[in-house]
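Keep the sequence and the 3D view open as you read.

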Amino acid sequence: IVNKNEYSIFVKVEDINIDTFCHCSDLTYLNNGEEELAKYKVKDDIKVKILEINVEDQKIRVGHKQTQKDPLDWFADKKKNQTITVKIISAENKGLTVRPENCEMDFIIKKSQIAVNSADQRPSRFTGGEKIDVAISEIDLAKRKISLSMKLLEENERKEALEKFGTSEGSGKSLPFKSLADDLKKKKDKKET
């Protein structure tokens, strides 16, 4: 590293008298690029991959993260609606920070995606360290977009149960003793008057 500014580092390629440019967004897959940039100083050695050569402007753009394994590769064989196990890292007002088993990357489950019932969408129900199952609600590796949802898993399980055990959510409501508690209460109220 021969120079640094608030958004990038400039790297001299070994054995060639050419300086290259590495934007902070090309330093890491895991952290905020600006935070990662703070870890580097002039004269540090860094491994980079050439990303772009602009002959006209005599500029070469390089990246460090491209020399490392992409944590999103963990999702390469996964698909939407698939159930995966995650560990809760932390619970905050905005939602849960979770990490899939054997993956190096953390994800946020938004508060609205914690449960179907809004009363159960409280992140404070969790302390951290718990392992839970979630569904993949969105997966687009090209756009680097992964979304996880406990709510979707709950909806998928409910749908599966209805298909397996009943034809509608109302099935089972016509059981002979369904209204027994209400009938007993009415009978008791009649006697007292």
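## A salt bridge to start with

The side chains of Asp-106 and Arg-99 meet in a salt bridge, with N and O 2.6 Å apart. A salt bridge here is a side-chain nitrogen of Lys or Arg within 4 Å of a carboxyl oxygen of Asp or Glu. Side chains of opposite charge can pair when their charged atoms come close. Asp-106 counts as partly exposed because its relative accessible area is 34%, and Arg-99 is partly exposed at 33%. For these labels, buried means under 20% relative accessible area, exposed over 50%, and partly exposed in between (1.4 Å probe, protein chains only).

Before going further, a word on the source: this is a predicted model, in which local features need pLDDT of at least 70 and side-chain atom pairs count only at pLDDT 80 or more, while totals for chains, interfaces and linings use all residues. Residues are numbered from 1 along each chain as its sequence is written, and side-chain values use heavy atoms, with hydrogens and water left out.

## The overall fold

How many helices and strands does the protein have? There are 3 helices and 10 strands, and along the sequence they follow the pattern β-β-β-α-β-β-β-β-β-β-β-α-α. These elements are DSSP runs numbered from the N terminus: helices are H or I with at least four residues, strands are E with at least two.

Of the 193 residues, 30% count as buried. The protein exposes about 13,700 Å², and carbon and sulfur atoms supply 48% of that area; accessible areas come from the Shrake-Rupley method with a 1.4 Å probe, and for residues only the protein chains shown count as cover. Among contacts (heavy atoms within 4.5 Å) with a separation of 6 or more, 49% are between residues 24 or more positions apart.

## More charge pairs

The whole structure holds 9 salt bridges. In one of them, Asp-77 pairs with Lys-78, their closest N and O atoms being 3.0 Å apart. Asp-77 is exposed at 61% relative accessibility, whereas Lys-78 is buried at 18%.

Lys-94 forms a salt bridge with Glu-92, with 3.9 Å between the closest N and O atoms. Here Lys-94 is exposed at 53% and Glu-92 is partly exposed at 37%. Asp-26, Glu-52 and Arg-61 are linked in a network of salt bridges.

## Around Ala-135

Gln-82 sits in the loop between strand 5 (59–63) and strand 6 (83–92) and is partly exposed at 24%. Gln-82 and Ala-135 are 53 residues apart in sequence, yet their C-alpha atoms are 5.4 Å apart in space. Beyond its neighbours within four places in sequence, Gln-82 is in contact with Asp-77, Val-134, Ala-135 and Ile-136.

Ser-147, in strand 10 (residues 145–149), also touches Ala-135 and Ile-136, along with Ser-137 and Glu-138, not counting residues up to four places away in sequence. Is Ser-147 buried or exposed? Ser-147 counts as buried because its relative accessibility is 17%.

## A negative patch

Asp-120, Asp-133, Glu-154, Glu-155, Glu-157, Glu-160 and Glu-163 gather in a patch of negative charge on the surface. Patch residues have over 30% relative accessible area and no salt bridge; like charges are joined within 9 Å, nonpolar side chains (Val, Leu, Ile, Met, Phe, Trp, Tyr) within 5 Å. Lys and Arg count as positive and Asp and Glu as negative, with His and the chain ends not counted; each charge is placed at NZ of Lys, CZ of Arg, CG of Asp or CD of Glu.

Helix 2 (residues 150–165) supplies the largest share of the negative patch, 5 residues. Glu-155 lies in helix 2 and is partly exposed at 36% relative accessibility.
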